[in-house]
Amino acid sequence: VFTVNLSAPSERNVEVTFTTESVTANENEDFTAVRGTVEIPPGETSGEIAITVNGDTTFEDDETLRLSLIKGDDSYRLAADLAPTIATIKNDDPVPLMTSNVQSAIEGESMTVNFELDRLSGKDISFTLTPIDNEGGVGVAKLGEDYGFSTQTVTIPSGSDNVSFSIPTFVDDILEGQEFVELEISDLINVQLESEKIKQEK
């Protein structure tokens, strides 16, 4: 809500013309853009302008819009130093929750790792994936021998809700049971996790 003030009450009805425009908020997506008038009755010195803000479920930065008063009829004049008013639409949506899903693979094939968000994000999301090398313990795949992977930063761009990539596995001549690949997730930016480790068999 914006308040328009007169320097003194008027003996007649004053209708002040205004317009709104985007700064970082998107017109008719984040707020309803409008050009209109606010009425200040005789004897009063102020009137209020209500702008409709549209809610969403996207985690994003706070956004801004601008309201400007426009010279209208001779019932009022604008102050010489009058500047547009900037209003902020505060983000009230939580940080997205990310879950992971890994598809198993037989030796020589690639495992597909999927990361999914529970909602769209208006910000880029990034995190670091690091292989946990348990040196080929019982039931654990050995880095460099059973699979190939190096520490990397993964990004989910703004406006997306998922990302996928592949981890190659290697063929050997050893008779063995199922083995697990473990990855650790760290350095999270703009996201929270269901689990900080990924464990999947190959």
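**Salt bridges in the predicted model**

The side chains of lysine 90 and aspartate 62 meet in a salt bridge, with N and O 3.2 Å apart. Lysine 90 lies in the loop between strand E6 (85-89) and strand E7 (97-103), and aspartate 62 in the loop between E4 and E5, so this pair ties together parts that are 28 residues apart in sequence. The model is predicted, and a search of the whole structure finds 5 salt bridges. Side chains of opposite charge can pair when their charged atoms come close.

**Accessibility of the lysine 90 pair**

- Lysine 90 counts as exposed, at 60% relative accessibility.
- Aspartate 62 counts as partly exposed, at 36% relative accessibility.

**Aspartate 61 and lysine 123**

- A salt bridge joins aspartate 61 to lysine 123, and their closest N and O atoms are 3.0 Å apart.
- This pair links distant parts of the chain, 62 residues apart: aspartate 61 is in the loop between strand E4 (46-49) and E5, and lysine 123 is in the loop between strand E8 (110-117) and strand E9 (125-131).
- Aspartate 61 is partly exposed, with a relative accessible area of 46%.
- Lysine 123 has 19% relative accessibility and therefore counts as buried, the cut-off being under 20%.

**Arginine 66 and glutamate 21**

- Arginine 66 forms a salt bridge with glutamate 21, in which the closest N and O atoms are 3.2 Å apart.
- Because arginine 66 belongs to strand E5 (residues 63-70) and glutamate 21 to strand E2 (residues 14-22), the pair ties together parts that are 45 residues apart in sequence.
- Arginine 66 is partly exposed, with a relative accessible area of 24%, and glutamate 21 is partly exposed at 33%.

Methods:
Residues numbered from 1 in each chain as written. Predicted model: local features only at pLDDT ≥ 70, side-chain atom pairs only at ≥ 80, totals over all residues. Heavy atoms only, no water. Salt bridge = Lys/Arg side-chain N within 4 Å of Asp/Glu carboxyl O. Helix = DSSP H or I, 4+ residues; strand = E, 2+ residues; numbered from the N terminus. Buried < 20%, exposed > 50% of the residue type's maximum accessible area, 1.4 Å probe, protein only.
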